[in-house]
Structure formats: structure tokens, C-alpha cells
Amino acid sequence: MRITFILLIVLISHKSAYSQDAKEFSNSAFLKKLYTDKSYTDLKRKIALEFMHIPAGRWGEFVDGVDERILTQKKIVAFTFDACGGKNGNGYDKELIEYLRKEKIPATLFVTGKWIDSQFNSFLDLSCDSLFEIENHGLNHRPCSVKGDSIYGIHGTANIEEAFDEIEANARKIEAITNHYPHFYRSATAFIDEAGAAMTSKLDITAISYEVLSGDAIPFASESAIEENVLKNVKPGAIIIMHFNHPEWNTKEAMERIVPELKKMDYSFVLLKDFSLTSLNGKVSNIRKDVLFDIH
Ligand SMILES: [Zn+2]
């Protein structure tokens, strides 16, 4: 009886500690705190001054300063899954994650601050699992623009300061919760302008897009359509983009078909953080000395 009582108290306090953390790290509370942090506001001012006269450059998914693939000729690919957050994006595809765990498939997860707020305990659970790498998908899922460009009806950030908040605030939020400052940033929708990509690199973060579009986000995409998109376009070093915030989509069902086929083709699966990346035009923007440099 006594043990049960103690267990109950421990469980209750554990649960309330989680919800306390969730509150403390919520986008609004965390940003408010950052605005009083001199290291953050000084860096923001410095970046704003530096980029004041730099033109936005091209706006798209494959612009200069963005990487789309792993620098390798080996048969490896990186599965990357976004969690966008917001009104229609706050879900958690638990079955997909269970499948990845069961099959021991490493995956790089790009999360927004909004999604962390809605799935705080699941986020903690994922961030403790070395099968997964947590990376940055922006604080509020706003495409990274320095002049307010939009795409698919989603408003991008209006200026360099907003672009900075979108990337750096979420990077610090991830670091504050997990002790790991992200290596990579994928803009919401993958659209970004060249000034935004250059700014990302000043933060020691590599802006990435993708090489293989799975199409899992296309309304009502069937598992066979997603499978075909991946298998037709896969090549050594490909970064494959999918989502893990829509359990109602066919992502997991498609993965159950894609993974065995890729294995038959001798592909293995890696985390982005273990490799240097490159762009589709072959321009290497960031050779990382601390990771496997593997072009053979
Ligand atoms: Zn997204």
C-alpha cells in the first residue's frame, strides 16, 4: 500500500515536471526569454547589419547554399521525416516510428517548435533514441525568406530578423531540451532564398532540401505511388523527404514496401549528421571535418 502510494507520488511529480518543461519551452515563453538573452539579441543585431544590403537571391527548393544529397558514391540513402506542426500538422505517426524501431532504420527527423509544443513527451522520447537524429524545421513552419515571399499559400518570414528567429530560436529550443544544437535546417516547404541559406550557414547550420520527393504529402497519395516515387528516383547519397506528423497518410505503409526493395538493391540507411553533404550541381558547400568523408 505504502509502495503504491510512493509510486503514485513519483508518477504524478514526473508527469507535472514534464508539463512544466513543456510550458517553459513553449514557442511563446521560449522566444520571450530569448529576447532578454544578450547572446541572442547581439547575434541577431549583427546578422541583421551584415545582411542589410544583401539581395534575397533566388527563391526555391534548390538554390545556392542549399544541399540536397550526401557526398558519396556508395549505396547509402538518408530517410528524412518532417513534422511541420500547426492546425493540420500536429499529429504523430507512432506506427511509422515503431516500424523504424522494429527494423532498426535510422532516420533524421526535422521538427518545428510548434510541433514540439504539441507532442512534447513524444519529442523527448525520440530525442533519447540514438536511432534518430533531431534537426531543425523552423520555429513556426514559415518558409525562410528575407523579403516575405510565400509558397503554396504559406507566408514566408518577412525580413532577415524574422528569418533569424525562425531558424536560430528553434535551434536553441532544440538545444535547450536535448543538449544538441542542430547541424541542419530544412525550411518549411523546403523553399528558401539564397540570403536565407547564407544566413543559416553563419549560424553553423547547413540548409538542406532533398533529392528524392516521396510525395507522401500529395493528397491521398497511395503507398504504391510513394513507393514508385522513391524507387524510380533513388541513387547513391540521396536524401529522401517524407513526413512523420500525419498518421492518416500512407507513409508507413509505403516504407514497408520501400525498405525491403532498397535492401534488395543493396542500399543501407544512414543519418545525415555522419556525412558531408553536397548540392545537386556538385558544389560542396560544407565539408565537415568531424564526420565520415566518404566519396568512394
Ligand atoms: Zn514542413
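How many other C-beta atoms lie within 10 Å of Leu131, and is this residue buried, partly exposed or exposed? Before I come to that, please keep in mind that this is a predicted model, in which local features need pLDDT of at least 70 and side-chain atom pairs count only at pLDDT 80 or more, while totals for chains, interfaces and linings use all residues. Residues are numbered from 1 along each chain as its sequence is written.

Leu131 has 14 other C-beta atoms within 10 Å and is therefore partly exposed, where buried means 20 or more such atoms, exposed means 12 or fewer, partly exposed is in between, and C-beta atoms are placed from the backbone. Leu131 sits in the loop between helix H6 (120–127) and strand E6; helices (H or I, at least four residues) and strands (E, at least two) are DSSP runs, numbered from the N terminus.

Apart from neighbours within four places in sequence, Leu131 is in contact with Leu100, Arg101, Lys104 and Pro106, contact meaning that the C-beta atoms, placed from the backbone, lie within 7 Å. Ala107 is 24 residues away from Leu131 in sequence, yet the two are 6.7 Å apart, C-alpha to C-alpha.

Let me turn to strand E6 itself.

Strand E5, residues 107–111, pairs with E6 in the parallel sense over 5 bridges, pairing requiring at least two bridges found by DSSP, and Thr108 stands opposite Glu133 of E6.

Key. Contact = placed C-beta atoms within 7 Å.
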